[in-house]
Amino acid sequence: MAAALRLSRRNAGRTSTNPSVGTIIVRDDGAGPMIVGTGVTAVGGRPHAETEALAEAGDLARGATAYVTLEPCAHHGSTPPCANALVKAGIIRVVGAASDPDPRVSGKGYAILRAAGIEVVEKVLVSEAAGQMAGYMSRSLRKRPEVILKLALSSDGMIGERGAGQVSITGEIARREVHLLRAEADAVLVGIGTVIEDNPALTVRLPGLENRSPARIVLDRQIRLPENSRLIAGIDRVPVYVAACAEADALRRATLERLGVRFIGTETHNGQVALPELLEDLAALGMASVLIEGGAKVAKGFLDDGLVDRIVLFRGPNEIGKGGIASPLDENSIPAGFVKLREMSFGDDVCAEWARDI
């Protein structure tokens, strides 16, 4: 199952409204267990992982065990249910991790397998599987994406320096880790202040993973996004969404639309974008995970509204000092309900991660 979970990460953030699921088919003909088929949910969400693994295994699937990171689907769509495909292929045992919260599937996939006489073992590494598919779980159960807050703090608790543009707080290895976070998210979100101050590209720039860049979202009520920004420059490869209010300048909107910007109409609460409603709109667009990258005001807004589900804090070794922008959060002020998952080192930088149950 651990191997199936690692496999499932291959297409994380690329499977549209479906989760990225891993399936491994194993048989033992007396000489020890042997993997005969592997599959991961395809880019775009179809085919499912079980279909891919069964196709690779062929006749060797008969009498074998299938390890699946999510309960096999039980509803008819454009293709038959995966539970039925496992039965037809002659699988005799299914080991599952997470149950599917989709009411069309929940419990029904396993029921189909058991009715066919297949042995079913549930909830193996279930916490790890649910954590990897937190975005799908959130979108299914709460009708909003999982929100991941990433912050990089200097040794004195700053996330930037006023008027200095982009400031390197962490080293190259930690920055690569951030690019991996982007590669597994459906969208990365910043406020317009960060765009104007830092002019970020917000793309994945790791060799071989450039095509894994998530959609870029800018909270920009009054449509101040500069036409010469790096976001606009790369819009032919990676989409840009602007969350703007209805009373914003219609001419500015038309200008940016001609450049390819997509707009999300937003409601306003206390003069700011209404974040819960925005997340509902993002879920309706098929987004299951959103990585918040800046700035301090945006991060505080999501924290204050109780909308953050995972926190990733990087801590660099150097001070910023006078003129620094204080972080709205540090290791000693993690909100109640969050559990520390891991702590890692990347060169001279450290990183810690917390999450709460969906």
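Leu149 stands opposite Ile292 in β14, within a parallel pairing in which four bridges join strand β6 (residues 146-153) to strand β14 (residues 289-294). Two strands are taken to pair if DSSP finds at least two bridges between them; strands (E, at least two residues) and helices (H or I, at least four) are DSSP runs numbered from the N terminus. The structure is a predicted model, in which local features need pLDDT of at least 70 and side-chain atom pairs count only at pLDDT 80 or more, whereas totals for chains, interfaces and linings use all residues. Residues are numbered from 1 along each chain as its sequence is written, and side-chain values use heavy atoms, with hydrogens and water left out.

Strands β6 and β14 belong to an open sheet of nine strands with mixed pairing, in the order β11-β10-β9-β8-β14-β6-β15-β18-β17. Because β11 (262-266) and β17 (339-346) stand at the edges with a single partner strand each, one side of each is left without a neighbour in the sheet. From one strand to the next, the twist averages 20°, with axes being lines fitted to C-alpha atoms and angles running from 0 to 180 degrees between N-to-C directions.

One aromatic pair is present in the structure. Rings of Phe, Tyr and Trp (its six-membered ring) are counted as a pair if their centres lie within 6.5 Å; planes under 30 degrees apart are stacked, over 60 edge-to-face, and the rest tilted. Phe314 lies in strand β15 (residues 310-315) and Phe346 in strand β17, so the pair ties together parts that are 32 residues apart in sequence. Phe314 and Phe346 are both buried, where buried denotes under 20% relative accessible area, exposed over 50%, and partly exposed the range in between (1.4 Å probe, protein chains only).

Strands β1 (residues 22-28) and β2 (residues 33-40) run antiparallel and are joined by seven bridges, with Ile24 opposite Thr38 in β2. The two strands form a hairpin with four residues between them, and Gly30 in the turn has a positive phi of about 110°.

Further backbone features are located in loops. A cis peptide bond, with omega of about -5°, joins Arg46 and Pro47; Pro47 lies in the loop between β2 and α2 (49-57). The peptide bond from Gly294 to Gly295 is likewise cis, with omega near -5°, and Gly295 falls in the loop between β14 and α12 (296-304). Positive phi in a non-glycine residue occurs at Lys123, near 65°, in the loop between β5 (119-121) and α5 (126-132). Ile223, also not a glycine, has a positive phi of about 55° and is placed in the loop between β9 (215-219) and α9 (230-233). Lys123 is exposed, with a relative accessible area of 55%, whereas Ile223 is buried, at 3%.

Overall, the protein contains 12 helices and 18 strands. The C-alpha trace spans about 70 × 45 × 40 Å along its principal axes, and buried residues make up 51% of the 358 residues. Among contacts (heavy atoms within 4.5 Å) between residues at least 6 apart in sequence, 72% join residues at least 24 apart.
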